[in-house]
Amino acid sequence: MSIPDKLMLEYYKYIAGVTAQEFFQIESDLASGSLHPNEAKKQLAQKIVSFFHGSEVAQEMRQKFEDIFKKGQVPEDAPVYEIKGGEGLTTLLVELNLVESKGEVRRLSKQGAISIVDGLKIENTDISLDPSWKGKTIKIGKRKFLKLK
C-alpha cells in the first residue's frame, strides 16, 4: 500500500504478470475513476503474492489486511504477554522487540502511535503494568500489536 499511485502502473506492467489488454483496462479504469487506486493496489498485492505463494495464500493475506486495516481487528497471530505485575511498558515493548529503543517508544507515544485497541492513546509510557491491563491489546504504530493476558 506504500507504493505511490503514480508508480502503481509500472508495477502492474513489469511485475504483476498481467496481459497487455488487462494492463490497458486497469490504466483506463484508474484514469476514469471507476477503479480506486486503493483497490488497484490491493489487486496488485494479491497478484504478486499469488505469483510467489499461490492464490489461496494471496486471498488469505488480502482478507487479513482487510480485517486489520479496514475493520480494525487485532491479528490472531499477535504476540501475547502474560502480565506478572510491575513491568514497565517502555522496557517491555523494547524487550519484546516491538520497538527498537526506549527513545522510539517515547517518540511514538508523543506522535499518538501507541494506544489500547478500542481505547485511549497511551501518552505516558513510563507506567507499570498491573492486573488491570489484563485482557487489553496494545497497538504500536499501524502494524504491531501486543495482547496482554
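Biologist: Which residue forms a salt bridge with R107?

Modeller: This is a predicted model. A salt bridge needs a side-chain nitrogen of Lys or Arg within 4 Å of a carboxyl oxygen of Asp or Glu. The closest N and O atoms of this pair are 3.7 Å apart, and the partner of R107 is E104.

Biologist: How many residues apart are R107 and E104 in helix α6?

Modeller: Both sit in helix α6, residues 102–110. About one helical turn separates them, and the spacing is 3 residues.

Biologist: Is K42 buried or exposed?

Modeller: Buried means under 20% relative accessible area. K42 has 12% relative accessibility. K42 therefore counts as buried.

Biologist: Which side chain meets K42 in a salt bridge?

Modeller: The N to O distance is 2.9 Å, and the partner is E66. K42 lies in helix α3 and its partner in helix α4, so the pair ties together parts that are 24 residues apart in sequence.

Biologist: Where does D77, the partner of K64, lie?

Modeller: K64 and D77 form a salt bridge, with their closest N and O atoms 3.0 Å apart. K64 lies in helix α4. The pair ties together parts that are 13 residues apart in sequence, and D77 lies in the loop between α4 and β1.

Biologist: Is D77 buried or exposed?

Modeller: Exposed means over 50% relative accessible area. The value for D77 is 56%, so D77 is exposed.

Biologist: Which residue follows α2?

Modeller: Helix α2 covers residues 20–32. The residue after α2 has a positive phi, near 90°, and is G33.

Definitions and conventions
Residues are numbered from 1 along each chain as its sequence is written. This is a predicted model: local features need pLDDT of at least 70, side-chain atom pairs count only at pLDDT 80 or more; totals for chains, interfaces and linings use all residues. Side-chain values use heavy atoms; hydrogens and water are left out. Helices (H or I, at least four residues) and strands (E, at least two) are DSSP runs, numbered from the N terminus. The expected span of a helix is 1.5 Å times one less than its number of residues. Buried means under 20% relative accessible area, exposed over 50%, partly exposed in between (1.4 Å probe, protein chains only).
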